[in-house]
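Hi everyone, thanks for coming.

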Amino acid sequence: MRSWILIIALLLVGTTSVAQETSSSSFRPPFPVGVRLGYTSWDDFGQVHFGAHAKLGDLFPNVQLVPVVEMGFGDDLTLVTLAGDLSYRFTELFTYPWELYGGGSLALNHIKPGDLDADWQLGLSGLVGINKALGNGDELMLEARLGLLDSPDFKLTFGYTFF
């Protein structure tokens with residue numbers, strides 16, 4: 001449990017330091033990184049989750065890969081998710097500064113209920129989201145996920161991506 005908190009804390013500190021360097025100089029990271037916060041609903045529990053993401057770029061035109069790490073707390077349960085999102089940006093429907101995207105996510109979920117043993121599950125979910133580019137090059141994000149297989153039923157996430 002402590003190791004998960006340490007990993008996520010290091011990712012969040014790293015994204016914050018990249019953001020500070022970006023705003024105070026011409027430094028550009030090799031790829032955009034960001035922070036995220038939201039609500040998770042799975043069966044009979046609800047949680048607040050936080051985490052980080054990195055936009056690794058296009059695999060094909062309009063198809064992007066975004067690794068995500070999130071940690072959720074609430075209802076006497078800890079959920080850590082390591083995910084790889086693959087999404088298509090619908091550039092034909094929206095124009096800059098708006099961007100609509102949709103796709104899927106393969107995730108490794110680490111579930112720790114209270115004092116019981118932890119469980120690992122490989123999950124699959126669908127996602128849809130919208131980004132808004134800001135004048136300084138950063139992005140705001142709103143994303144919804146629906147669990148398809150061994151994943152939270154619903155996730156709503158707000159995010160901020162630094163460039």
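Okay, let's start with Arg36, which counts as buried because its relative accessibility is 4%, under the 20% cut-off. Before I go on, please keep in mind that this is a predicted model.

So what does the side chain of Arg36 meet in a salt bridge? The partner is Glu70, at 2.9 Å from N to O. Arg36 sits in strand β1 and Glu70 in strand β4, which covers residues 63-74, so this pair links distant parts of the chain, 34 residues apart. And Glu70? With 3% relative accessibility, Glu70 counts as buried too.

In general, side chains of opposite charge can pair when their charged atoms come close. A search through the whole structure turns up eight salt bridges. Another of them joins the side chains of Lys55 and Glu139, at 2.5 Å from N to O. Lys55 is in the loop between β2 and β3, and Glu139 is in strand β8, so this pair ties together parts that are 84 residues apart in sequence. Are these two buried or exposed? Both Lys55 and Glu139 are buried.

Then there's Glu143 with Arg145, whose side chains meet in a salt bridge at 3.0 Å, N to O. Glu143 counts as buried at 4% relative accessibility, and Arg145 counts as buried at 6%. Now look at Arg36 and Glu70 again, because here's the bit I like. Arg36, Glu70, Asp85, Glu143, Arg145 and Lys155 are linked in a network of salt bridges.

Let's move on to the rings. A pair of aromatic rings is described by the distance of the centres and the angle of the planes. The count here comes to four aromatic pairs. One of them is Trp42 with Phe45, a tilted pair with 6.1 Å from centre to centre and 45 degrees between the planes. Trp42 is buried, at a relative accessible area of 9%, and Phe45 counts as buried at 14%.

Phe50 and Phe73 make another pair. Why is this one called stacked? The ring centres of Phe50 and Phe73 are 6.0 Å apart and the planes are at 20 degrees, and planes under 30 degrees apart count as stacked. Phe50 lies in strand β2 and Phe73 in strand β4, so the pair ties together parts 23 residues apart in sequence. Phe50 is partly exposed, with a relative accessible area of 26%, and Phe73 is partly exposed as well, at 34%.

Last stop, the surface. Leu82, Leu106, Leu108, Trp120, Leu122, Leu124, Leu148 and Leu149 form a nonpolar patch there, with about 760 Å² of accessible area together. Which strand gives the most to that patch? That would be β7, with three residues. Strands β6, β7 and β8 each supply at least two residues. Take Leu148, for instance: it's in strand β8, and Leu148 is exposed, with a relative accessible area of 60%.

There's also a negative surface patch, made by Asp43, Asp44, Asp75, Asp76, Asp115 and Asp153. You'll find Asp43 in the loop between β1 and β2, and at 62% relative accessibility Asp43 counts as exposed.

Note on methods:
Residues are numbered from 1 along each chain as its sequence is written. This is a predicted model: local features need pLDDT of at least 70, side-chain atom pairs count only at pLDDT 80 or more; totals for chains, interfaces and linings use all residues. Side-chain values use heavy atoms; hydrogens and water are left out. Patches are made of residues with over 30% relative accessible area and no salt bridge: like charges are joined within 9 Å, nonpolar side chains (Val, Leu, Ile, Met, Phe, Trp, Tyr) within 5 Å. Accessible areas come from the Shrake-Rupley method with a 1.4 Å probe; for residues, only the protein chains shown count as cover. A salt bridge is a side-chain nitrogen of Lys or Arg within 4 Å of a carboxyl oxygen of Asp or Glu. Lys and Arg count as positive and Asp and Glu as negative; His and the chain ends are not counted. The place of a charge is taken as NZ of Lys, CZ of Arg, CG of Asp or CD of Glu. Helices (H or I, at least four residues) and strands (E, at least two) are DSSP runs, numbered from the N terminus. Buried means under 20% relative accessible area, exposed over 50%, partly exposed in between (1.4 Å probe, protein chains only). Rings of Phe, Tyr and Trp (its six-membered ring) pair if their centres lie within 6.5 Å; planes under 30 degrees apart count as stacked, over 60 as edge-to-face and the rest as tilted.
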